[in-house]
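This report describes a single protein chain for a reader who is new to structural analysis. The sequence and the structure are shown first, and the description follows.

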Amino acid sequence: MDDAITIWREALKEAQHPRHQAVWLLFSEGSDPKSAARLLADHQAEVIPWLLEILDTPALYDEGSFGNNLAPANAVGVLGKWQVLEAVPRLLHILETEDPETLVYDHTATALEAMGPGALEPLLAFAEACNEEDLHVTLASILSQIGMGDERIYRWVLKVFNQQKRDHAV
């Protein structure tokens, strides 16, 4: 079993474990990123590396994994609420590799929007280098939210809009 998952399982059982509150807020059915971000806010410096660790643990994305794949989605949401810009490359990787129908994908798009203008440059660079047409629509949506008033964003979103062949994609 993955060492990262073992640590989270231990935290679940042990009330004095430093990750105890975080495991309940990130891995539990019915938890949500907004509440987790608020409840963990006083411990951001300690929690951010744990959130990044969750994103870097592929087994946690699997259906039936510890936490039923909720932890990555919740971790992404908390990172977005806290505007943790160092997470942007990981979030872009999620958009590139995860199924658009998953909760983690949806939370990732929302998190990138929440990060605001600080995420603009890496997101635009990623969008311009991306060759996936379906991903372009998601990126255009995010960029149009965080890059309002930026001529480069306007041109890129317009290009994506004009390239769409399916009405429902726009």
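In this predicted model, Q21 counts as partly exposed because its relative accessibility is 36%, a value that lies between the limits of 20% for buried and 50% for exposed. Q21 belongs to helix 2, which covers residues 20–27. Apart from residues up to four places away in sequence, Q21 touches L39 and L40. Between Q21 and V104 there are 21 Å from C-alpha to C-alpha, and the two are 83 residues apart in sequence.

The overall architecture may be considered next. The protein contains ten helices and zero strands. Its C-alpha atoms fill a box of roughly 55 × 30 × 25 Å along the principal axes. For 170 residues, a compact globule would have a radius of gyration near 15 Å, and the value of 17 Å for the protein agrees with this. Of the 170 residues, 47% are buried. Contacts between residues at least 6 apart in sequence include 61% that join residues at least 24 apart. The protein exposes about 9200 Å², and carbon and sulfur atoms supply 50% of this area.

Helix 4 (44–55) illustrates how a helix is placed among others. The buried residues of helix 4 are V47, I48, W50, L51, L52, I54 and L55. An α-helix has 3.6 residues a turn, so residues three or four places apart point the same way. The cover over the buried residues of helix 4 includes helix 1 (3–13), helix 2, helix 3 (33–40), helix 5 and helix 6 (88–97).

Between helix 4 and helix 5 (70–81) runs a loop that holds T57. T57 counts as buried because its relative accessibility is 3%. Beyond its neighbours within four places in sequence, T57 is in contact with D2, A4 and I5. T138 lies in helix 9 (residues 133–146) and touches L95, Y105 and A109, residues up to four places away in sequence not being counted.

How many salt bridges does the structure hold? There are five, and the table lists three of these pairs.

| Pair | N to O distance |
|---|---|
| R19 and E53 | 2.7 Å |
| R90 and D56 | 3.0 Å |
| R152 and E121 | 2.7 Å |

In the pair of R19 and E53, the side chains meet in a salt bridge. R19 stands in the loop between helix 1 and helix 2 and E53 in helix 4, so that distant parts of the chain, 34 residues apart, are linked. R19 is buried, with a relative accessible area of 9%, whereas E53 is partly exposed at 23%. R90 and D56 also form a salt bridge. R90 is partly exposed, with a relative accessible area of 28%, and D56 counts as partly exposed at 44% relative accessibility. E121, D150 and R152 are linked in a network of salt bridges.

The surface also has a nonpolar patch, formed by Y154, L158 and F161, with about 320 Å² of accessible area together. F161 lies in helix 10 (residues 151–163) and counts as partly exposed because its relative accessibility is 48%.

Conventions: Residues are numbered from 1 along each chain as its sequence is written. This is a predicted model: local features need pLDDT of at least 70, side-chain atom pairs count only at pLDDT 80 or more; totals for chains, interfaces and linings use all residues. Side-chain values use heavy atoms; hydrogens and water are left out. Patches are made of residues with over 30% relative accessible area and no salt bridge: like charges are joined within 9 Å, nonpolar side chains (Val, Leu, Ile, Met, Phe, Trp, Tyr) within 5 Å. Accessible areas come from the Shrake-Rupley method with a 1.4 Å probe; for residues, only the protein chains shown count as cover. A salt bridge is a side-chain nitrogen of Lys or Arg within 4 Å of a carboxyl oxygen of Asp or Glu. Helices (H or I, at least four residues) and strands (E, at least two) are DSSP runs, numbered from the N terminus. Buried means under 20% relative accessible area, exposed over 50%, partly exposed in between (1.4 Å probe, protein chains only). The radius of gyration is taken over C-alpha atoms; the globule rule is 2.2 Å times the number of residues to the power 0.38. Contact means heavy atoms within 4.5 Å.
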